[in-house]
Amino acid sequence: MLRILKKALFTGVKSEVLAEAGEQIETVGPELEAAIKKRFRGSLAIRAVDAGSCNGCELEIHATNNCYYDIERYGIHFTASPRFADMLLVTGPVTRNMETALIMTYEAMPKPSLVVAMGDCAANCGVFGKNNYAIAGAVADIIPVDVVIHGCPPEPTDIIRGILTAISRT
Amino acid sequence: MTVNTWFAEKMGNHGIHSTYLEDHHPAHMPCLEIRLIDWSSAAQLARQLDMRFTALWAAEGGKHDEHLRYAYMVFAHPKHRHVMLRAALRENEPAVSSISEHFIAAMRMERVIQEMFAIEVSGIPDPRPWLKHEHWPADAHPLCGDFAADTVMPRCPGEYPFIKAEGSGVYEIPVGPVHAGIIEPGHFRFLAVGEHILNLEQRLGYTHKGIEKRLQGQQAEQAIHLASRASGDMTVAFGWAFARAVEAAAGVVIPARASALRAILCERERMANHIGDIGAICNDASFAFMHAQMQRLREDMARLHKQLFGHRLLMDLIKPGGVSVDLNAEQNLLLRQQTSALAIEVESLRSIYADHSGMQERVIGSGPVSLEEAISIGMTGYAGRASGIYVDERVEEAYPPYDRLNVRIPEGRDGDVATRVWVRFEEIAESARLIETLLGDLPDDDLCSAWQAPDAGVSGLACIESWRGEIVCWVRFGNQGRIDRCTLHDPSEVNWLGLELAVRHVPLPDFPLNNKSFNCSYSGNDL
């Protein structure tokens, strides 16, 4: 236990004080927090759905939860059920084999709901291509999309910015 | 290079005639054509010779034999290396006999050739479709030449027959395809009694993106972007496997600096994924401290990757003929410093993990896979090494630059979650050591050799040790340097079976822990 405390103490607070981070996250953080406080009573629940990605996007979503970005401090958390999710964060081109599951997840959400299509594949099927027997389409071809985040994969700051853009529109 | 005739001679002794194919490379991984009738006995012989099965696929004929369909299988021997066998199938009713009774891991790949090529696999224990879900039309066989890549398939009614259990107290738990966390989609069907898992049945294919079909017709320089996205967390290893296969076919030898840089990237990928996964395993046992620390280290790695190579996950840095990035002296130093600092930090965290009784209570003895079971399915990578299979292509194939490195393989025995984690801790330390060695002695030559695609009909095979295990990639070229057929085999295809074996009798709440300790790729399996 002592070693854990010692390690935690010496590691210190890694969450980037947003004003110092310098890059995009600098302005995004406080705005995001304010928007979530105002519109979502301090808590935004996100259901992440992989509709067929290569799992690169998933690694970057995980990264938004690490101590540097610590997305939870703005009141954002990832939920296990679409039933109490405010936002659907979809990655990957929608494969034919995931099309039904994606639609069912979307329909299970309480409305109004937000949909963010994350990554080049979610945006336009990326390297996998639209003219592909195994692909049903980009996310917007299957369910209504509010915001698209480009990148292969998008970096954590881009993801956070995309989420902010989506909630600012409501 | 001399032709490897070992297996051809062994087959000859058993009355199996084989022909060496000249247009396949490299020669030490020969492609031997055998008669269809000998298909199963060749597999049986491989089993008797203690070879391991690595991949099975099918392809339509190339330039000179377009009307034919071939089945391929690859075996490897620790000393005598890989051998590819191929057999021509009958034109009208293509069929091949199943080799599942000798190598059970072949079965899912047989299910794939059945549905993708309309090849009948006789004697297959489980003939159900695998990647082809129930709503696909019965006559859709996407890898056949007459199936257009952009076919829009209608949605048909159908049902997938899951394994059922009868008896009082047995109940089913269907999970997925959309899982509770931020992970890839797949369906698990548990049969449970009380708290304990009786049987786990995996239903995958949800992320099938038609990668093999889409690779056809592309130039190698373009195709590598797609191949390296077969599984995003193994992007370096897939890129390398693809590059090495096309280089073998084209007879392109890459500069020593390029192969050293590839290995540095690959070992960094290994470290990053092991670090992230160990954190995630601890998180599944509610040891949040370790999770936070490990994710911090992983982020440090990603940030340096961005700074040095321009991509956090190291995508698109490998190209046919070499690499597209370089390190100057200053960058070299940065990378070395971070790698050694990471190794030290991981070691200190490891002692905290090892002394944490609550954590150890969860992992020791959970989800064991015995050596016999591991051999029977041919488990690969760290999961195999945890159970006692010490196969590593970096040692056996010793492709450059590993031929001048002495890779140390951790030798686990118990095959439980604790051992799988132990192997991964050991591999982090070993990768750090390899990276430091490579960076300390980076050859001073070019980054890339000139890339020239080979003639139509020429093929190449490559096996690369990714952090998950052995990747097999085979590429055959067509006209104008276009890829005519490419197959990629993720180690997860085999290790998913290991997970099924591991979780029998495991309490359901320990499933996530076991699942994470294998961390198989869905995307790499489904392609």
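Reader: Which strands does helix H4 of chain A lie across?

Author: This is a predicted model, where local features need pLDDT of at least 70, side-chain atom pairs count only at pLDDT 80 or more, and totals for chains, interfaces and linings use all residues. Residues are numbered from 1 along each chain as its sequence is written, chains are lettered from A and ligands numbered from 1 in the order in which they are written, and side-chain values use heavy atoms, leaving out hydrogens and water. Helix H4 (56-64) lies across S1, S2, S3 (87-91) and S5 (114-118) of chain A, contact being heavy atoms within 4.5 Å. Helix H4 runs at about 140 degrees to S3(A).

Reader: What else packs on the sheet?

Author: Helix H8 (156-168) of chain A does, touching S1, S2, S3, S5 and S7.

Reader: How do you know that S1 and S2 of chain A pair?

Author: Two strands pair if DSSP finds at least two bridges between them. S1 (44-50) and S2 of chain A have 3 bridges, so they count as paired, in the parallel sense. Within this pair, Ile46(A) has Phe78(A) as its bridge partner.

Reader: What is the strand order of the open sheet?

Author: Its 5 strands run S2-S1-S3-S5-S7 in chain A, with parallel pairing. S2 (76-78) and S7 (147-149) each have a single partner strand, so they stand at the edges.

Reader: Why is Met1(A) called exposed?

Author: Exposed means over 50% relative accessible area (1.4 Å probe, protein chains only). Met1(A) has 71%, so it counts as exposed. Met1(A) lies in the segment before helix H1 (2-11) of chain A.

Key:
Helices (H or I, at least four residues) and strands (E, at least two) are DSSP runs, numbered from the N terminus. Buried means under 20% relative accessible area, exposed over 50%, partly exposed in between (1.4 Å probe, protein chains only). Axes are lines fitted to C-alpha atoms, for helices over the stretch in contact, and angles run from 0 to 180 degrees between N-to-C directions.
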